[in-house]
Amino acid sequence: MSGMQMKRRRGMTKGIREECLKIIAECFELTEKELCEKYEKEPLEFDSFVLFELVLELEERFEIEYHDFNELTLHMKNLEDLIAYLVNFIQQKKETKESNS
């Protein structure tokens, strides 16, 4: 990967991370600051409605499809773990989409 591609990927990662944080906060009906403060040390508490809403929002915002709810629940231990998983998943989907077009 060239230096330019690395910079582009880091910029994309930051944008995806910020958007994921925003979407998660909206699903919990909290501000981003409140979300980070509440779940900084506590495990995430998702009910099935919030989880479904999160997936729908992610699919719509990033134009992806997500079907593996079991995999998602494995990454819901804490906020940082969930965001890291989502960023990686979305980046992979975008790169696959770009390489197929």
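Me: Leaving aside its neighbours within four places in sequence, with which residues is Glu-19 in contact?

Reply: In this predicted model, Glu-19 is in contact with Arg-61 and Phe-62 once the neighbours within four places in sequence are set aside. Glu-19 itself belongs to helix α1, which covers residues 3–27. The side chain of Glu-19 also makes a polar contact with the side chain of Arg-61, at 3.4 Å.

Me: Is Glu-19 buried or exposed?

Reply: The reading rests on a cut-off, since buried means under 20% relative accessible area. Glu-19 has a relative accessible area of 18% and therefore counts as buried. For the chain as a whole, 34% of the 101 residues count as buried.

Me: What pattern does the chain follow when read along the sequence?

Reply: The pattern is α-α-α-α-α, with five helices and zero strands in the chain. To read the fold beyond this pattern, one can turn to the contacts with a separation of 6 or more, of which 59% are made by residues 24 or more positions apart.

Me: Which residues line the largest cavity?

Reply: Rolling a probe the size of a water molecule over the atoms shows where empty space is left. Here the structure holds one cavity of 30 Å³ or more, and the volume of the largest cavity is about 30 Å³. Its lining consists of Val-55, Leu-58, Ile-64, Tyr-66, Leu-86, Phe-89 and Ile-90. The helices α3 (48–62) and α5 each supply at least two of the lining residues, and the largest share, three residues, comes from α5. By class, the lining has seven nonpolar residues, with no polar and no charged ones.

Me: Where does Met-76 lie, and what does Met-76 touch, not counting residues up to four places away in sequence?

Reply: Met-76 lies in the loop between α4 (69–74) and α5, where its relative accessibility of 11% is why Met-76 counts as buried. Not counting residues up to four places away in sequence, Met-76 touches Leu-44, Phe-46, Leu-51, Asp-81 and Leu-82. The C-alpha atoms of Met-76 and Pro-43, which are 33 residues apart along the chain, are separated by 7.6 Å.

Me: With which side chain does the side chain of His-75 make a polar contact?

Reply: The partner is the side chain of Glu-71, at 2.9 Å. His-75 also lies in the loop between α4 and α5, and at 19% relative accessibility His-75 counts as buried. Not counting residues up to four places away in sequence, His-75 touches Asp-81, Leu-82 and Tyr-85.

Technical notes
Residues are numbered from 1 along each chain as its sequence is written. This is a predicted model: local features need pLDDT of at least 70, side-chain atom pairs count only at pLDDT 80 or more; totals for chains, interfaces and linings use all residues. Side-chain values use heavy atoms; hydrogens and water are left out. On a 1 Å grid over the protein atoms alone, a cavity is a set of points where a 1.4 Å probe fits but cannot get out, and a pocket is an open set with protein on both sides within 12 Å along at least five of seven lines; lining residues have an atom within 4 Å of a point. Grid points are joined across faces, edges and corners, and a volume is the space filled by probe spheres set on the points. Helices (H or I, at least four residues) and strands (E, at least two) are DSSP runs, numbered from the N terminus. Ala, Val, Leu, Ile, Met, Phe, Trp, Tyr, Cys and Pro count as nonpolar, Asp, Glu, Lys and Arg as charged, and the others, Gly among them, as polar. Buried means under 20% relative accessible area, exposed over 50%, partly exposed in between (1.4 Å probe, protein chains only). Contact means heavy atoms within 4.5 Å. A polar contact is a pair of N or O atoms within 3.5 Å; within protein, one must be able to donate a hydrogen and the other to accept it, and residues adjacent in sequence count only if both atoms are side-chain atoms.
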